[in-house]
Amino acid sequence: MNDLRAIEDGGINVSHVTVTYRNGHTALKEASFSIPRGTITALVGVNGSGKSTLFKAIMGFVPVTEGQVKLLGKPVQEALRNNLVAYVPQSEDVDWDFPVLVEDVVMMGRYGKMGFFRIPSKRDREMVDQALDRVNMAKYRKRQIGELSGGQKKRVFLARALAQEGEVILLDEPFTGVDVKTEDTIVQLMRDLRDEGKVMLVSTHNLGSVPEFCDRTVLIKGTVLDYGLTEKTFTQANLEKTFGGVLRHFVLGGSDLHDDEDTRQFAVITDDERPLVLYGEEDKMETQTKSDKSND
Ligand SMILES: Nc1ncnc2c1ncn2[C@@H]1O[C@H](COP(=O)(O)OP(=O)(O)OP(=O)(O)O)[C@@H](O)[C@H]1O
């Protein structure tokens, strides 16, 4: 990938970033990648590979020991001051017992634009209404957030990110615990946001869906192993490097699959969420997505 383009387009630029926690543990070392605006990038790695640490570095929650992060061409603190970064958290990171209404959670996305007393303006209310409509959650606006299903909660946090009008959107495991319909809603929304020029980084274990909607992939294992266009980066060899022995992997071919001499084979790779399916000759297998109708 071309770093210059990301810098010119003002996307996410992570350059030689090292993060060492206070206990001396280095969770990320010399990580570098660049992604331009108007793109969706998958962040893929095993548990503990540094995905959350990278998100925290991008949001300025942990100090970067070395290197630098730039968002839309600006240093992190400036981007945060300008309210440019929206974050959709993992469900486990949220205290669901906290008594707050759905519409109030979405309004939190507007706080950075309000004055000291946080009195919502007409525009703030309009943005909240629009955001709730976009994720199909308007009819739940007076519900307590803790009373919603996992998928509905996710949609509320997406609405909060929409209401914020952030240009950089970070999504931490948006598909965990959601049904297929919600997954489709989230994917469609992300595509729309991409078309609007936002830059999105999405951590996911849902390997099967990466080629469907992520045009770029960052592979992470304590550092960035590789990054770039999904069709070039999201390869079997790279996934094996990224996941080591954690992935389950099986291949079906020969007479188990074909009645003739066809040498093409299927490979299924999974870390227990939606599997990635590859098909073709052994040395040039390609990903199969929902939209692939023929595999004659
Ligand atoms: N506050 C902290 N202090 C010290 N070490 C930490 C801290 N937070 C995370 N780590 C360590 O840093 C490494 C990377 O953790 P991180 O949470 O970034 O991984 P992750 O890829 O997000 O994992 P998961 O997929 O489970 O969310 C792990 O070894 C973890 O134990």
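**Figure 1. Crossing of helices α5 and α6 in the predicted model.** The crossing of these two helices is right-handed. Helix α5 spans residues 122-134, and its packing angle with α6 is about 140°, with the two axes 8 Å apart. Angles over 145 degrees would count as roughly antiparallel; α5 and α6 are therefore oblique to each other. On the α5 side the contact is formed by Met-127, Val-128, Ala-131, Leu-132 and Arg-134, which meet Ala-159, Leu-162 and Ala-163 of α6. By class, this contact of α5 with α6 holds 7 nonpolar residues, 1 charged residue and no polar ones.

**Figure 2. Packing of helix α6 against helix α7.** Helix α6 covers residues 150-164 and helix α7 residues 180-195; the angle between them is about 15°, and their axes lie 10 Å apart. Because of this angle, α6 is roughly parallel to α7. The crossing in which α6 passes α7 is left-handed. From α6, the residues in the contact are Gly-151, Lys-154, Arg-155 and Leu-158; from α7, they are Thr-182, Thr-185, Ile-186 and Leu-189. The contact of α6 with α7 divides by class into 3 nonpolar, 3 polar and 2 charged residues.

**Figure 3. The open sheet of 4 strands.** The strand order is β2-β1-β4-β5, and the pairing is antiparallel. At the edges stand β2 (26-35) and β5 (74-75), each of which pairs on one side only. Strand β4, residues 66-71, is joined to β5 by 2 bridges, and these two strands run antiparallel. In one of the pairs, Lys-70 has Pro-75 of β5 as its bridge partner. Helix α2 (residues 51-58) packs on this sheet and touches β1 (12-20), β2 and β4. The direction of α2 makes about 65° with that of β2.

**Figure 4. The shell around the ligand.** The residues surrounding the ligand include Tyr-21, Asn-23, His-25 and Ala-27. Gly-45, Asn-47, Gly-48, Ser-49 and Gly-50 also belong to the surroundings of the ligand, as do Lys-51, Ser-52 and Thr-53. Helix α2 gives the most to this shell, with 3 residues. By class, the shell has 9 polar, 2 nonpolar and 1 charged residues.

**Figure 5. The open sheet of 6 strands.** The strands follow the order β6-β7-β8-β3-β9-β10, with mixed pairing. The edge positions are taken by β6 (85-88) and β10 (224-229); each has a single partner strand, so one side of each is left without a neighbour in the sheet. Neighbouring strands of this sheet are turned against each other by 15° on average, direction ignored.

**Figure 6. Strands β9 and β10, with helix α10 on the sheet.** Strand β9 covers residues 216-220 and is joined to β10 by 5 bridges; the two strands run antiparallel. Ile-220 stands opposite Val-224 of β10. Helix α10, residues 236-243, packs on the sheet, where it touches β3 (39-44), β9 and β10. The direction of α10 makes about 150° with that of β10.

Technical notes: Residues are numbered from 1 along each chain as its sequence is written. This is a predicted model: local features need pLDDT of at least 70, side-chain atom pairs count only at pLDDT 80 or more; totals for chains, interfaces and linings use all residues. Axes are lines fitted to C-alpha atoms, for helices over the stretch in contact, and angles run from 0 to 180 degrees between N-to-C directions. Angles under 35 degrees count as roughly parallel, over 145 as roughly antiparallel, 65 to 115 as roughly perpendicular and the rest as oblique. A crossing is left-handed if the near helix is turned anticlockwise from the far one by less than a right angle, and right-handed if clockwise. Two residues are in contact if their C-beta atoms, placed from the backbone, lie within 7 Å. Ala, Val, Leu, Ile, Met, Phe, Trp, Tyr, Cys and Pro count as nonpolar, Asp, Glu, Lys and Arg as charged, and the others, Gly among them, as polar. Two strands pair if DSSP finds at least two bridges between them. A residue is near a molecule or strand if its C-beta atom, placed from the backbone, lies within 6 Å of it.
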